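Hi,

Here is the structure I said I'd pass along. Have a look at it, and then read on for my notes.

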Amino acid sequence: MKYIYLLGATGSIGRQTLDIIKDNPHAFKLIGASLGRNDKDNDQILSEFPLEIACLRTNEKLNLYQKKYPDTTFTIGTEGLIDIVKYPKPGLVVNALSGSVGLMPTVVAIKQKKNIALANKETLVMAGDLINQYLKDYSVTLFPIDSEHSAIWQTLAHERFEDIEKIVITASGGAFRDLNRDELNDVTVEDALRHPNWSMGPKVTIDSATMMNKGLEIIEAHHLFQLPYEKIETMLHKESIVHGMAYFKDGTVKASLGVSDMRIPIAYALTYPNRSTYPKTLDLKQLTFQAMDFDRFPLLALAYHVGRQGGLLPTVMNAANEAAVKLFIEEKITFLGIEEIVIRTVRQFKNKENPTLEDILETDQSIQQSIIEYYEKR
Ligand code: MG
């Protein structure tokens, strides 16, 4: 029986993780979870899983929850997320939080010697070097949940590092892949949220449409697999069947294929090195691959640049994007406004090498705040 702490239980990855736990009651026990804004969703989770500890967004309805679920310890806000990973029982932390708020719980989980199944991209984008150091210092293992990284992880298993020529991360291209840049002028939030292949949360769906998602993923891959950016390629693959590939020096290419269902990579991170039973038949249709067009997707080109520069720049790019996506969802800027903000913010920032965790957290906050304040004033 594996104990699970689930951060972000009401989000897309969170809900799918709950499905897997529910389907495998003899393998997993949910000990703690962070809940969302919707009381109905929260009630459903709390009544279905007798949690030992749960984190609420605010203390507004704390008394109500406490009265209704007297056996659960309730914690609050970002501090509460830390309380969950600090809970004095072993277990696997599933970090399915969206945004930079996911960084600190990962750091603390490692220091608590809890292994991590990571869906939160920001953790590695913002602080990949520090996280790798902590993982080593505390002998903790991190399992990727992102579908592409799960695929690459599986293709690289039992291979020698020096035999790897390159890896390829595929991209579906998101909601606007068939539009040219001129046609992007009038697209709406609703259009951007209509992903052709995957059912995901709003942030990552918008990031797919701008290709920022793939940009964050190459930086994630760099830290996960310790590969230089020259060896991390991206390719447009509209069918989302091949999630990742690895090329080896003897001419062998290994690919990992599967239907576009996040429950497969989530389950693998939870059950590794075993595989769970999840009947899904892959209908192998015609697969297409296209070279990536960096003029069409400037944020992907920016991410390669930012990743190579390292230091605080990945945090700056991530923070600018997080703020810009929020403004776009609130209809305060246009779709192309996201790119403008991210590119301008990165360009204007004076980089700092080897940042501390405090530098990273502070920069994330100040960049997001200044962008939000500027556009909300207008
Ligand atoms: Mg992905």
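Below is what turned up, going from the metal site to the helices and then the strands. One thing to keep in mind throughout is that this is a predicted model.

**The magnesium site**

The magnesium ion is held by Asp146 (OD), Glu148 (OE) and Glu217 (OE), at 2.1 to 2.2 Å. Along the chain, these donors are spaced as D-x1-E-x68-E. Asp146 has a relative accessibility of 9%, and since buried means under 20%, it counts as buried. Glu148 is buried as well, at 7%.

What does Ser147 touch, leaving aside its neighbours within four places in sequence? Its contacts are Trp198, His243, Met262 and Pro265.

**Helix 5**

Next, go to helix 5 (residues 103-111). Seven of its nine residues are buried, so this helix is largely enclosed by the rest of the structure. The buried ones are Leu103, Pro105, Thr106, Val107, Val108, Ala109 and Ile110. Their cover includes strand 1 (2-7), strand 5 (92-95) and strand 6 (116-118), along with helix 4 (77-85), helix 6 and helix 15 (357-377). After helix 5 comes Lys113, which has a positive phi, near 60°.

**Helix 6 against helix 13**

The crossing is left-handed. On the helix 6 side, the residues involved are Glu122, Val125 and Met126, and they meet Pro314, Thr315, Asn318 and Glu322 of helix 13. By class, that contact is made up of three nonpolar, two polar and two charged residues.

**Strands 2 and 3**

Last stop: strand 3 (residues 53-56). Which way do its side chains point, and are they buried or exposed? Ile53 and Cys55 point one way, Ala54 and Leu56 point the other way, and all of them are buried. Strand 3 runs parallel to strand 2 (residues 28-34), and three bridges join the two. If you want a spot to look at in that pairing, Ser34 stands opposite Cys55.

Cheers

Technical notes
Residues are numbered from 1 along each chain as its sequence is written. This is a predicted model: local features need pLDDT of at least 70, side-chain atom pairs count only at pLDDT 80 or more; totals for chains, interfaces and linings use all residues. Side-chain values use heavy atoms; hydrogens and water are left out. A crossing is left-handed if the near helix is turned anticlockwise from the far one by less than a right angle, and right-handed if clockwise. Helices (H or I, at least four residues) and strands (E, at least two) are DSSP runs, numbered from the N terminus. Contact means heavy atoms within 4.5 Å. Ala, Val, Leu, Ile, Met, Phe, Trp, Tyr, Cys and Pro count as nonpolar, Asp, Glu, Lys and Arg as charged, and the others, Gly among them, as polar. Donors are N, O and S atoms within 2.8 Å of the metal (3.2 Å for Na, K and Ca); water is not among the atoms, so sites may look incomplete. Buried means under 20% relative accessible area, exposed over 50%, partly exposed in between (1.4 Å probe, protein chains only). Two strands pair if DSSP finds at least two bridges between them.
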